[in-house]
Every structure is written in structure tokens, then in C-alpha cells.
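Here is a short note for a colleague who is opening this model for the first time. Please keep the view at hand while reading.

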Amino acid sequence: MNKQPIGFIDSGVGGLTVFKEALKQLPHENMIFLGDQARLPYGPRPAAQVVDFTWQMVNFLLKKDIKLLVIACNTATAAALDIVKSQLPIPVVGVILPGSRAALKVTKNKHLGVIATEGTVRSDAYARTIHQKDAAVKVTSLAAPKFVPVVESNEYRSPIAKRIVMETLAPLKHAGLDTLILGCTHYPLLRPLIQNVMGDDITLIDPGSETVSEVSTLLDYFDIANDDVTEPKMREFYTTGSPEMFEQIAQDWLQLDQLNAQRAEIEDLPVTYQQTPVSTVVVATKNAGKAREFAAMFAKDGITVKSLLDFPELESVAETGTTFEENARLKADGYARQLELPVLADDSGLQVDALGGQPGVFSARYAGDGHNDAANNAKLLSELSEVPAEARTANFHTTLVFAKPNHPEQDLVVDGDVLGRIVGIPRGDNGFGYDPFFEVEGTDQTLAEMTADEKNAVSHRGNAMRQLEQLWRDWYSNHAL
Ligand SMILES: O=P(O)(O)OP(=O)(O)OP(=O)(O)OC[C@H]1O[C@@H](n2cnc3c(O)ncnc32)[C@H](O)[C@@H]1O
Ligand SMILES: [Mg+2]
């Protein structure tokens, strides 16, 4: 018998949907809830910050002597579950695995939808978790950033809520899914509206109930359940925001008598786990031209780039794939494993329409094995000798893959392209490779006539980097699920 409370944390009131399930399934347990309403929403925040805030909430509840922690927030689960779990002596339960499991149990057509915050969607945690269990399941994710504010402002039954739900879910209505995961603990409060928009054929999954089943299993497994059915149970509620606002929603949602919320000061509590800022990125390329471009792009954030030229002792990874992505993955995964560091790889090439997309993935060895830009360019010109100027359209493509050591399933993948045409006479001395022959669409300049900055502003690599910039820091600081 263990009378210590179970702790629940969330960015706001959403976690109460899990708490409500716990009241139903585990009525004899003492429970404490903490919502970080002052700093909500968590969805748009960088993962590293969500990790910090999560630790502050955890440290608040540890002082209350909790015996088990429920991270009743999808965004915090995606960002912090692993690290918190690895450092706490008590069991820790998140909501993503239980939610995924529940959805896999009910789907018939193996097409799942996930609606969640931007942070959760960006982390790809649901798709990853689902695919670890069944790689054949299709997962369609959609960020619904407007839902949390509607719930937190107690507007979740209003006509505004109805309109927001309708507009947000429109892209999913005809997507062909049969099951939709409510991948944010706030969303079950909008359940009737969501069901109405999606139609009765779609099964909605509220991860709360499955999460509490997992809690129940763990209480038994660790033999820490409270079997005392006599005395009244502790129901404590804390918020970093306004206790009155919290009470209104909680009272309404939980239907508890005498619900009292108290203000919690957690901002000054320690952040147990500090992220070290990233100062160096390894780019897995032997091509000095590429390395220079990445160095210039990362330098804007004060980050130093190292390339394979800095690590001559590494075993070469063969580019045996048939697509840019396959090759980029081979390079990123292969070198990350050897270096035991996150590694970024680029696989790129020129695709000429009149040559059926050639040289494509063979761009580096177009004229035969071994790198020789001059020979490659000469071959390109001879292949195009009969092709008139207007038919010499082409594009440069790159696929970038950022990989962590031994976690290929977490590879971050982005693409970039630039359109143009192949000119007959080379122009310009800048850049590298095929640059002097590639005239950028909408300009009269080849890539080799542009400065480094001008090229990065339009190039395939620059375009891919601009996407990567939005994603990589969060991904980098996310721990393996
Ligand atoms: O594999 P790593 O070591 O990164 O270096 P690589 O030069 O072999 O690179 P790829 O396998 O990706 O092959 C890309 C080919 O396309 C050419 N290429 C890629 N990006 C280019 C750019 O921005 N300008 C000109 N040529 C480019 C490059 O010179 C190569 O011949
Ligand atoms: Mg190569």
C-alpha cells in the first residue's frame, strides 16, 4: 500500500482530460495536478525550452513526494519523456505511446490521422511510434494550433470554437483515414465538435484513457497502488496562471465538489537537465565546394562546420542508393555511426530534362568513377550538343539528411530544388561542379556568376537549408524515443 500521490503535469488545463480518466479508473489514488498556464501554449516553443519547463514542473511535484509522474501533455511527452524517464527514480508515463497503441487497435484501413500542436507534429513522435509497431500504417498529421487557446479561454463550446474546428479539420475530411488521434490533451474538450466535423465513421482516440490504463498497470507492477478505500482522497490543483480561470474550467470538466486551485511559482525552480548549445555541426561531405557553402550558411548562427576533410580516418561510405534520399541517408547514418555524433549529409545532382533526368544521382561520376568536374561538364555538353537552347531545361536537386548515431528512424529529411537551363559556353568562376553551365531561371546568370550569398539565396542547397533551419535545433535536442 502506498498513499503517496500520483503527479500530473500539462502546459495548461488539457491534462485534466487525463486526470478525469484517472478519477474514473483509479478513484482510490491521491492525485496532484500542475498546469503551466502562465507559459502556455507549449506547441510553438522550441523543444529545448519545453524540456526546461517540464523539468521545472517535475521538480515542483517531486517536492510533493509523488510516486509516479504522468506527463499529460503531448508536446512535453514528445520533447522530454525520454530524458525525464532516464533521470527520475519513479515511473514516468507519457501520452504518445498509449495513444498510438489505442489507435492501432481500432484502425481497419490502416490509415490514421493525428491532430496535435506544432511541436508534436514537428517532432513526428506519433508517426515514429506508430511505425515502430506497424510500418504499413499510413499516418496523416495536422497541426491544430488554434485549439489550445480556444480551450484555455473557456470558449470550447462557443460558435467560435465550432468555426475554428471546422476550418482546421477541412484538410482531413476527405483524407481517407478511419481513426483520428486527439494528439493534444486539450482536444478531448472539443470532442463533440471534432466528431461532428469528421463524421460518425471516424473513430476518435483520446489517449487519456489508455494512458491511465498504463498507469494502473505500473502501479500494480511496482506494487505502489493505494488500496485504502476508506479515507477521502487528495485532489490538489496547481497552476502557474490564474487559479480562478483554472477552477472554472476544471470544475466544469471534472464535476468535483469544492475544487480549489492554488498558484504555483515554478519559474525559479532548477532546470535539472541543461542543454549545451550546439556550436559545431559535422557535414558528411568530401566536396570542398559543398562544405564551403554549408560553412557560410551555418556561420550566420555562430556555428562552425566540420566536414569529412576534418576526419580523414573515417571509412568511406559507398553511395550505392538509387535516389538522392537513399544516398543522403547512407552517408548521414554511416558517418554518424562512426563518429558517434549527429551528422548532416547532402546528396545532390543535376537533372536535365532532355536527358531524361540524367545525370541525377550519378552527377558526381557522370564521366566515370572518380571526381572530375571538367570531365563531367565535357560529357554533359557533348550529350546536349544536338539539343536546342530552349529545350535545355534542368534542375538542381538536393536532399539533406541529418542523422543521429544509431537512430536511422529519426533521420531528419528535407529537399531543395532550383530550376534553370544548361548553357553552351561556361560562364563565371565562382561555385563548383556544374555551376558555370547552370543558368538560373528568371535570371541571366549562371550559378558560377553569382556570389556565394546570391547562390545560397536561390540554390537547391539554400532552399533545403531554409527548411532545415526551422527544424534541426528541435530535432537535435530531442532525445531518442
Ligand atoms: O558525396 P559528397 O562527399 O558530399 O560529395 P559529392 O561531390 O560526391 O556529392 P554528391 O555525391 O552529392 O554528388 C553531387 C554532384 O553534383 C554536383 N553538384 C552538387 N551540388 C552542386 C552545386 O551546388 N553546384 C554545382 N554542382 C553541384 C557535384 O559537383 C557532384 O558532382
Ligand atoms: Mg558523392
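This is a predicted model: local features need pLDDT of at least 70, side-chain atom pairs count only at pLDDT 80 or more; totals for chains, interfaces and linings use all residues.

1. Residues are numbered from 1 along each chain as its sequence is written, while chains are lettered from A and ligands numbered from 1 in the order in which they are written.

2. Six strands form an open sheet in the order S4-S3-S1-S2-S9-S10, with parallel pairing. Strands are DSSP runs of E, at least two residues; helices are runs of H or I, at least four; both are numbered from the N terminus. Pairing takes at least two DSSP bridges between two strands. Strands S4 (92-93) and S10 (261-263) are at the edges; each has a single partner strand, so one side of each lacks a neighbour in the sheet.

3. S9 (residues 235-239) and S10 run parallel, joined by three bridges. Phe237 has Ala261 in S10 as its bridge partner.

4. Which strand gives the most residues to the shell around ligand 1? Strand S13 (residues 343-352) does, with four.

5. Asp347 lies in strand S13. An unreviewed UniProt entry lists Asp347 under "binding site"; such annotations may be inferred rather than shown by experiment. Asp347 is buried, because 26 other C-beta atoms lie within 10 Å (buried means 20 or more within 10 Å, with C-beta atoms placed from the backbone).

Notes: A residue is buried if 20 or more other C-beta atoms lie within 10 Å of its own, exposed if 12 or fewer, and partly exposed in between; C-beta atoms are placed from the backbone.
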